[in-house]
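Hi,

Here is the structure I promised to pass on. Please have a look, then read my notes below.

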Amino acid sequence: MKKHNVLLLVLILSLGLILAACGGAKDDENTGSEDNGDNASQNEEASGDYKVAMVTDEGGVDDKSFNQSAWEGIKAWGEGAGLSKGEGFDYAQSNGTADYMPNISRFVRDEYNIVFGVGFKLKEDIQTAAGQFPDTNFAIVDDVVDAPNATSITFKEHQGSFLVGVAAANKTKTNKVGFVGGIASPLIEKFESGFIAGVKSVNPDIEVNVQYAESFTDPAKGKIIAANMYDSGVDVIYHASGGTGNGVFNEAKDIKQNDPERELWVIGVDRDQHEEGQVGDHNITLTSMVKRVDVAVQDVINQGVNGEFPAGELLEYGIEENAISIAETNKEAMTEEVINAVKEWQDKILNGEVEVPQTKDELEAYTNSL
């Protein structure tokens with residue numbers, strides 16, 4: 001009988017050990033779940049291994065325009081990820097078209113995950129590089145390439161240009177406004193067409209003087225064009241000319257410096273160019289057509305970090321995506337009346353009541369319908 005009790009006790013103790021072992025296994029599984037959470041954090045930190053670079057066009061990274069905006073977006077992303085210039089994000093300055101491919105190739109060799117080409121002038125080289133380096137992702141800003149490892153970032157510049165056209169039409173006292181373009185191209189034609197449509201929507205009788213500098217890097221040419229326009233009675237100039245537009249600002253500031261009572265304005269582009277318009281106690285920047293290249297660039301980078309790089313896609317950013325807007329920084333110039341007029345037309349664009357023209361043919365049809 002005693003022997004039987006001993007065997008029973010052994011069985012009970014063995015069962016207890018088995019259950020304890022099972023419980024231990026369960027605890028280990030729970031510990032594993034917690035480790036998975038740690039791994040998730042580590043994966044987030046691993047985004048620090050993601051490397052992003054951009055190649056500028058001749059405008060340069062400090063062009064106060066879309067190159068600078070793109071760089072600001074990359075820099076903000078990089079610093080937010082705990083990276084530093086040259087260690088996770090970088091840019092290469094192009095002083096001419098011959099620099100494009102060497103700059104792109106260098107970043108490919110350095111194993112950057114995404115290489116951005118900023119500006120339509122890099123289209124051909126980004127297209128070529130995408131074919132030569134299929135393991136690298138590429139992105140072109142302001143144009144379209146066709147490759148399974150590249151994405152095309154475009155904007156609805158015509159929408160923002162329409163809105164600054166409305167502002168110009170509400171601000172002009174002479175009923176003469178001007179448009180200064182950089183290089184004549186389908187892209188800049190979008191700016192021109194949208195601007196003229198916005199002006200004419202407010203007052204079809206306003207005269208719009210259009211001139212192209214055929215350069216994005218010639219401030220002297222921009223200054224001469226602006227001087228001629230202001231001399232002809234134009235009192236508001238919208239420029240879509242990159243660094244050439246610095247000359248437009250310089251001419252307006254020179255005139256204002258010599259004649260503080262004269263009312264004349266410049267409309268900036270791509271970034272809020274309010275600072276460029278400061279002259280003494282005055283500021284001659286009426287507003288700016290803000291094109292959030294930084295927002296678009298960061299959006300593409302974040303998709304890439306998450307393993308969802310939009311390869312082969314055409315992305316288009318506009319008012320609805322908060323990537324196109326106009327600046328209201330100059331509170332004295334952008335009065336409540338002007339702002340309300342702009343918002344009224346913006347609502348018409350968003351609800352589909354107004355289809356802003358993008359080409360000269362579309363512009364002609366639009367103005368004929370007014």
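**Cavities, pocket and sheet**

By class, two nonpolar, four polar and two charged residues line the second largest cavity. Keep in mind that this is a predicted model. The lining of that second largest cavity consists of D57, G59, D63, F66, N67, F216, G242 and G243. Its volume is about 30 Å³.

The whole structure holds two cavities of 30 Å³ or more. The largest cavity has about 110 Å³. Its lining counts 15 residues, with F66, L187, I188, F216 and D270 nearest the centre. Helix 6 (186-202) and strand 10 are the elements that give two or more residues to this lining. Helix 6 gives the largest share, three residues. The classes here are eight nonpolar, three polar and four charged.

Now the largest pocket. Its space is about 270 Å³. It is lined by 15 residues, and W265, H282, N283, N330 and E332 lie nearest its centre. Nonpolar, polar and charged residues number five each in this lining.

Strand 10 (residues 265-270) pairs with strand 13 (residues 285-291) in the parallel sense, over five bridges. There, I267 has T287 of strand 13 as its bridge partner.

Best wishes

How values were computed:
Residues are numbered from 1 along each chain as its sequence is written. This is a predicted model: local features need pLDDT of at least 70, side-chain atom pairs count only at pLDDT 80 or more; totals for chains, interfaces and linings use all residues. Side-chain values use heavy atoms; hydrogens and water are left out. Two strands pair if DSSP finds at least two bridges between them. Helices (H or I, at least four residues) and strands (E, at least two) are DSSP runs, numbered from the N terminus. On a 1 Å grid over the protein atoms alone, a cavity is a set of points where a 1.4 Å probe fits but cannot get out, and a pocket is an open set with protein on both sides within 12 Å along at least five of seven lines; lining residues have an atom within 4 Å of a point. Grid points are joined across faces, edges and corners, and a volume is the space filled by probe spheres set on the points. Ala, Val, Leu, Ile, Met, Phe, Trp, Tyr, Cys and Pro count as nonpolar, Asp, Glu, Lys and Arg as charged, and the others, Gly among them, as polar.
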